[in-house]
Amino acid sequence: MAEDTNSPTAGDPRARRRGQGELEAQVLAVLQRAPGPATAGWVQERLDGDLAYTTVMTILSRLHAKNAVSRTRSGRAYLWQADSDAAGLAALRMRRMLDGEPDRDAVLASFVTALLPHDEELLRALLDSAAEPSTPDRQN
């Protein structure tokens with residue numbers, strides 16, 4: 001049987017589908033490494049793989065809608081700049097998922113009980129530090 005050289009195979013990098021949010025994280029990482037605001041074409045050139053320009057524009061537009069990037073007009077094009085990092089983007093996805101659930105208390109309780117001990121300690125410390133009132137420096 002002849003091998004079909006036009007269809008992607010398991011060893012072909014184009015055959016692997018990206019996980020949800022993976023492409024957004026890659027685009028955001030490229031923008032974070034940029035020396036300043038960058039065009040979509042600049043971002044496209046620095047991404048791994050052969051992504052279409054329209055795909056890069058779609059991802060940038062989605063990131064803009066999530067307030068993870070900002071854009072300014074430069075002639076007929078936009079210049080894009082990262083306003084968030086990968087952790088901020090993941091936190092946004094977590095908040096949106098939580099907002100979509102009817103029983104927030106149950107979701108949060110389930111999340112917390114499934115945390116690893118170190119993660120639970122870190123979460124407790126973060127919540128404690130967020131709860132402490134910040135006191136301005138007083139001058140006598």
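A pocket is taken here as an open set of points, on a 1 Å grid over the protein atoms alone, where a 1.4 Å probe fits, with protein on both sides within 12 Å along at least five of seven lines; lining residues have an atom within 4 Å of a point. Grid points are joined across faces, edges and corners, and a volume is the space filled by probe spheres set on the points. The model is predicted, with local features needing pLDDT of at least 70 and side-chain atom pairs counting only at pLDDT 80 or more, while totals for chains, interfaces and linings use all residues. Residues are numbered from 1 along each chain as its sequence is written, and side-chain values use heavy atoms, with hydrogens and water left out.

The secondary structure comprises six helices and two strands, taken as DSSP runs numbered from the N terminus (helices, H or I, at least four residues; strands, E, at least two). Along the sequence these elements follow the pattern α-α-α-β-β-α-α-α. Of the 140 residues, 21% count as buried (under 20% relative accessible area, with exposed over 50% and partly exposed in between; 1.4 Å probe, protein chains only).

The largest pocket holds about 340 Å³ of space. Its lining consists of M94, R95, M97, L98, V107, L108, F111, L115, D119, L122, L123 and L126. At least two lining residues come from each of α4 (86-99), α5 (104-113) and α6 (117-131). By class, 10 residues of the lining are nonpolar, none is polar and two are charged. In this scheme Ala, Val, Leu, Ile, Met, Phe, Trp, Tyr, Cys and Pro count as nonpolar, Asp, Glu, Lys and Arg as charged, and the others, Gly among them, as polar.

Strands β1 (residues 69-74) and β2 (residues 77-82) run antiparallel and are joined by six bridges; strands pair if DSSP finds at least two bridges between them. The two strands form a hairpin with two residues between them, and G75 in the turn has a positive phi of about 70°. R71 has W80 in β2 as its bridge partner. The charged end of R71 also sits over the ring of Y78, 4.2 Å from the ring centre (CZ of Arg or NZ of Lys within 6 Å of the centre and within 35 degrees of the ring normal). The charged end of R73 likewise sits over the ring of Y78, at 4.4 Å from its centre.

T54 lies in helix α3 (residues 53-65). This residue counts as exposed because its relative accessibility is 56%. The C-alpha atoms of T54 and Q44, 10 residues apart along the chain, are 9.6 Å from each other.
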